Amino acid sequence: MLLEVAVCLVVGVSDGDTLTARCPTRQPEHPYQQVKVRLAEIDAPESGQPFGQRSKRNLSDLCFKVDATIKPTAHDRYGRTVARVECRGRDANLAQVIAGMAWAYTKYQTDAAFPLAERKARAAQIGLWSMLGTATAPIAPWEFRHANRSSPPDATGCITGPKGGRYRLTPEGKKRYGC
């Protein structure tokens with residue numbers, strides 16, 4: 001958990017709105033800590049959604065293996081640092097929305113630049129907004145996550161989960177991935 005502004009090396013990108021950074025500490029015995037960072041103000045497509053992988057790649061192209069300035073704004077219920085992130089001199093959060101790779105997350109909006117950037121990307125049909133009016137029109141990630149999209153088991157007993165993962169239920173009711 002990061003509590004103050006820090007310059008950190010981005011060592012991983014989980015998806016279009018989450019990255020992992022290696023940040024310096026003030027403790028000589030532990031000079032670095034790994035921090036999971038959720039980009040503030042945005043919500044990117046889930047990996048199983050259209051544009052999920054493109055969104056991740058876009059954030060990776062901007063931030064992976066570079067120093068990022070991380071400006072914490074909060075911590076979420078999963079213990080992640082919620083932050084504004086700057087990579088290569090660009091606001092990565094806003095860059096994702098401008099590129100049509102994320103939604104302005106209006107539920108947690110504090111900066112009017114995000115909804116404006118989303119409206120412009122929609123109007124220009126950039127990124128995921130290029131699918132507007134098609135059978136695969138974009139579904140907001142918060143709606144996608146809350147929809148019960150697990151399929152019933154197929155003939156082999158495999159279930160396709162909401163993010164596209166396939167699994168079988170064990171007799172104990174646990175998921176065993178890898179169908």
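Two strands are said to pair if DSSP finds at least two bridges between them, and this idea returns in several of the views below, all of which show a predicted model.

**View 1. The open sheet of three strands, in the order β9-β10-β11.** In this open sheet the strands follow the order β9-β10-β11, and their pairing is antiparallel. The edge strands are β9 (159–160) and β11 (175–177), each of which pairs on one side only. Strand β10 covers residues 166–169, and it is joined to β9 over two bridges in the antiparallel sense.

**View 2. The whole protein, for orientation.** Of the 179 residues in the protein, buried residues make up 40%, where buried means under 20% relative accessible area. The accessible surface comes to about 10,200 Å², and 52% of this surface belongs to carbon and sulfur atoms. Among the contacts in the protein with a separation of 6 or more, 51% are accounted for by residues 24 or more positions apart.

View 3. Strand β6, which runs over residues 81–87, is mostly covered, since six of its seven residues are buried. With strand β3 (residues 30–39), β6 pairs in the parallel sense over three bridges, and L39 stands opposite A83 in β6. With strand β5 (residues 67–75), β6 runs antiparallel, and seven bridges join the two; here K71 stands opposite R84 in β6.

View 4. Strand β7 (residues 90–91) runs antiparallel to β6, to which two bridges join it, and the bridge partner of E86 is D91 in β7.

**View 5. The largest pocket and its lining.** The largest pocket has a volume of about 870 Å³. Its lining is made up of 30 residues, of which R38, Y78, R80, Y105 and R145 lie nearest the centre of the pocket. The elements that give two or more residues to this lining are β1 (6–15), β3, β4 (42–43), β5 and α4 (141–146). Sorted by class, the lining of the largest pocket has eleven nonpolar, seven polar and twelve charged residues.

**View 6. The second largest pocket.** About 210 Å³ of space lies in the second largest pocket. Among the residues that line this pocket are M1, L2, L3, E4, V5 and A6, together with P24, T25, R26 and Q33. Strand β2 (residues 18–27) gives the most to this lining, with three residues. By class, the lining of the second largest pocket divides into six nonpolar, two polar and two charged residues.

Terms used
Residues are numbered from 1 along each chain as its sequence is written. This is a predicted model: local features need pLDDT of at least 70, side-chain atom pairs count only at pLDDT 80 or more; totals for chains, interfaces and linings use all residues. Side-chain values use heavy atoms; hydrogens and water are left out. Buried means under 20% relative accessible area, exposed over 50%, partly exposed in between (1.4 Å probe, protein chains only). Helices (H or I, at least four residues) and strands (E, at least two) are DSSP runs, numbered from the N terminus. On a 1 Å grid over the protein atoms alone, a cavity is a set of points where a 1.4 Å probe fits but cannot get out, and a pocket is an open set with protein on both sides within 12 Å along at least five of seven lines; lining residues have an atom within 4 Å of a point. Grid points are joined across faces, edges and corners, and a volume is the space filled by probe spheres set on the points. Ala, Val, Leu, Ile, Met, Phe, Trp, Tyr, Cys and Pro count as nonpolar, Asp, Glu, Lys and Arg as charged, and the others, Gly among them, as polar. Contact means heavy atoms within 4.5 Å. Accessible areas come from the Shrake-Rupley method with a 1.4 Å probe; for residues, only the protein chains shown count as cover.
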